[in-house]
Amino acid sequence: MRPFTYTRPGTLAEAIGAGRRGGRYVAGGTTLVDLMREGVEHPGELVDLSGLGMRGVRPVRGGGLRIGALARMADVASSPFVTTAYPVVSQALESSASAQLRNMATIGGNLMQRPRCAYFRDVSAPCNRRDPGSGCAAIGGENRTHAILGASDRCVATHPSDLAVALLPSTRWCTSSVRTDGASSPSPTSCSRRVRTRTGNTTSGPASSSPPSSSPHLAGPCVPDTSRCATGRASSSR
Amino acid sequence: METRPPRSRLTRRTFIAAASTTGTVVVAGAPGPTASGEEPARPPGPAAARGDGTTGRVTFTLNGRRTSLVVDNRTSLLDLLRERLDLTGTKKGCDAGACGACTVHVDGRRVNACLTLAVRLEGAEVTTIEGLARHGGLHPLQRAFVEQDALQCGFCTPGQIMSGVACIHEGHARSPDEIREWMSGNICRCGCYVNIVRAIGQAARGR
Amino acid sequence: MSSQYPSAVGAPRPRADGRLKVTGQARYAADHGPDDGVHDLTHAVLVDATVGRGRITAIDTRAALAVPDVLTVIHHRNAPRLTYRDNPFPDSINPPGERLRAFQDDRVRFFGQPVAVVVATTLEAAQHAARLVEVTYDAEPPALDLATAPVDEPVEYSRGDVRDALAAAPVRLDATYRMARNHHNAMEPHAIVARWDGDRLTVWEKTQWVTDPRNELAAAFGIPQGAVRCYSRFVGGAFGNGGRTWVHSVAAALAAREVGRPVKLVLTRRQLFFGVGFRPAYDYRVGMGSDRDGRVTALVHDIVGETSTYERHEDDLALARMLYDVPAVRQEVRLARLNVNTPTWMRGPGWSTAANALEMSLDELAHELGLDPLELRMRNEPADDPSTGQPFSTRRLRECYAAGAREIGWHRRRPDGTRDGDWLVGLGMAAGAYPTERAPAQAHVRLDAGGTAVVRSATSDIGPGTTTSMAQVAADALGLAPWAVEFRLGDSAMPPAPVQALAWTMASVGSAVQSACGDLRRTAVELATGDERSPLYGEDPAAVVVRRGWMHPRDDPRRGETYQQLLTRNGRTHLEVTGGYEPPEESAFSMYAYSAIFAEVGVDSRLGMVRVRRLVGVFDAGRIVNPMLAESQAFGGMTGGIGQALLERTVTDTRDGRIVNAGLVDYLVPVSADVPEIRAIYLDGSDAEANPIRVKGLGEVVQVGVAPAIANAVFNATGRRVRELPIAPEHLL
């Protein structure tokens, strides 16, 4: 891991300012710290969002839920608002990763997480998503768990979020990304009142330095990866 | 402050493991950690000496003791425990959040210490396997692990126990199937799962 | 001499070191530090090759050396030439060939081979700097495919006329089974702390055999074996790959010598996939001929397995020759020379591989004949070992079958399985065996005047509970309560013991412990019977027994004295004895432990997901020293078998030799949710021919036959014969 400075802003404005000067946002850290250790991510500044609140899960007038981007996966999964009205969300969350990781990871980070493709995570392999233009090692390599449909000739990785999979077919959804330009814009385009997820753009970093597909990724077709999840619980899916 | 009988051989390891009440730990001999508010008596470890903002002071409660030290921002809670504080009960199995051997409690919740940056722990309350039971006794789950032979090599055991204590506390230990599901973030390669499930069931039932 | 009453042996005693393990006080290799006299510790991190074969043309370490706190970067251009004396078996368990050396040449033999080591005063700096070492390669295409790689001359075995027997057989079967490479993935990563004091080297090493690092490091550095001390009290699992001493250990010791400070090196989980061996993949072709009643008349095994380009690791695949009464058998084993690091033993080595193929093929034959698979096995049960002609010491496989069938409810099995909602449910079974091995061993026992004893031997405890079970053996031989005996291990300066592997520790070290402790007991008894002041004066020593430290005539438990009284009166602080066990050169018997495994699986008819619902293992393993520990061992082996059957598969990118699932996220091992209630049954018994402890070994056999039982259950559930392990959902969709 390259040395980095660390800040923990207390306000949204400070956080946006830190992001604007190139800081990398960290929420749960379960993806980012791992990727930094692998050399995939090497920020010079880490901006800790944990002081910003945004952890609530509450019903929205007229139907739907508002989930704070920094709400932990475990808390959302066990929220009575979710378990009663959106059990699929609860189940998707609880089938993700492990109890420990769900205590750490946030909803925003979960939806914005980077691919779990082995080549993306191995800096000695080419990967367009990590290093645009370098090629895709998964095409022609090991891609057993990758996309069958909806892939491009540049990347065949699927989105790793079980939650995203649960959200896509059964609900329409909305993210409000806090952009480094300060604008809070809905993205992607499909927005509904059913489940709202407000993300802090936690792991994809400044928009300008991200590979273009890292955040609108969710808008595209997403093939559920039924064979594995983060803790090797492949055969434990029910 | 409670008084304890003097220990015949007070090493850094036993000192920290034995520490049980509030008050700031001054880690003797370890480069870096100092009493809260004091400047380091000597350079706080080679990494922490950098003046470029890539180190930071963090103050948190560790096994009931307030602890303040300067850390390299890159240092994980796991490496801090193991490499600087000599609390080696927390194990590094994968360093990637996939095996659970490093499970500790932060603010009462089970987390992977390998993915927790130490510098982010300001104000947090951290409990490790060394701080689970007080006064040299065993936590009921520790006792259940021995009684049910829920361990073989023992390497994953501290993480299993920390995870199991939380699993019970969360209310996820009401049936063997539920325990299996909620303990699947802790790999035991020796294959003690059958006995681990029994041990957690036993402790959950308060026996 | 008198025989003692067994009281400790056979009792389900909890682990002697359980408390240390549940409190985090048990210290594994990487946990050693100042309390062990390791001061000014530095951290080493390996740099791994990123090509699968070739030469290093340049190494640029400038950026790495510029990182604060970095002390040095060692690679083949600046490393001192090391002696590397030959260190073959039995001084080590290095396989035949030329072992990989630490930074001694520019050749890359496999992807992930260590090409440099960075040493720094902090772990963070060493890790960061290791990423900054720039290595340039002249890459060559690696050999990675079993089917096309160059193979060694086959190792052949033959009995009877297979060609005639096959030609005459009314029923024939020809099938190839593919078994994936498996990685051990013990929870403790390989780790070493190395400290030099002048020309003497001390290491705290993860190992199954403290003797091996001592000898290998002495050989590498050209120093006497006595100049190296290896400690390894606690080992966080190993399953075979802690047997030999791998190149990273030499690298760590070299680094420590170069920087003049102790070095800690812990392999990353990823590096464990490249540097410490694996269970080789196999293409295993079975040809079988049988009559219509299910008497197998011919068996052909054409086997291709993996080894490296520089060493020849050979698994023992002899199960195929002895398990059934087949008159004509031919076996040819070819090893493909691949650009991989050298494979090694992994739990049930060879025997589980052969059982996978043989037991799946037997299930196919049973189906072909319309016979119950259990009945088919009964019909081929031999009277004597067909591979040697010798009688079996004990072989109670029929009893194993009966007990297992009863426990799983085999009578419920339907030829086409059953259904439970969306789940297709099937039952399957398989048999297994593992040879009863023995090796020379020594132990030292010291009985103190306080009435407690310490027994020591340079063995290991990688998880079976050796510390506990040896104390039980010692307690009975000494006539002490188990709590009064402490067994110590894991120090190369202790009396020598064999590697903890091959399920031979109890047979070998246990026999040495029993012998040494028996000698000590007799010494004490003779001291008493010759001592006028003793109530036992003049007794026939052979008629004196010792119970709970009380020596007394067998027929008069009230007259006697304690060890304490005897030693104190004689002014002795202690008695001590070093004893040993030397197995006979030859035996008139064939000795094996046996397994019969029964599995019930459910297969999700929509997703192809396989769940093991029940697993029953019945074992004929001789005497059981500690039923509690033995049950845990069986749970472990059977859990490993679930992994082999359904999860574990190392995936190599055939373009460059990169292992793409080198981590616990992508290399799946069983987790709690994968493992149902398991029932493990040991037949009550003992094997008097096997060794003085009368055990047959259980650590290996508990995994043999598990995977094929599960695979056969999947066939019963689905009617789909998957000839590949692990079975994946896509095979069943």
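**Aromatic contacts and a sheet**

C:Y594 has a relative accessible area of 0% and is therefore buried, where buried means under 20% relative accessible area, exposed over 50% and partly exposed in between (1.4 Å probe, protein chains only). C:F392 also counts as buried, at 11% relative accessibility.

This is a predicted model, in which local features need pLDDT of at least 70 and side-chain atom pairs count only at pLDDT 80 or more, while totals for chains, interfaces and linings use all residues. Residues are numbered from 1 along each chain as its sequence is written, chains are lettered from A and ligands numbered from 1 in the order in which they are written, and side-chain values use heavy atoms, with hydrogens and water left out.

Over all chains, a search of the whole structure finds 14 aromatic pairs. Rings of Phe, Tyr and Trp (its six-membered ring) pair if their centres lie within 6.5 Å; planes under 30 degrees apart count as stacked, over 60 as edge-to-face and the rest as tilted. One of the pairs is C:F273 with C:Y667, edge-to-face at 5.5 Å centre to centre and 65 degrees between the planes. Both C:F273 and C:Y667 are buried. The ring centres of C:F392 and C:Y594 are 6.4 Å apart and their planes stand at 85 degrees, so this pair is edge-to-face. C:F392 and C:Y594 belong to one aromatic cluster with C:W351, C:Y434 and C:Y592.

In chain A, an open sheet of three strands has the order β1-β3-β2, with parallel pairing. Strands (E, at least two residues) are DSSP runs, numbered from the N terminus, and two strands pair if DSSP finds at least two bridges between them. The edge strands are β1 (5-7) and β2 (24-26) of chain A.

Methods:
Helix = DSSP H or I, 4+ residues; strand = E, 2+ residues; numbered from the N terminus.
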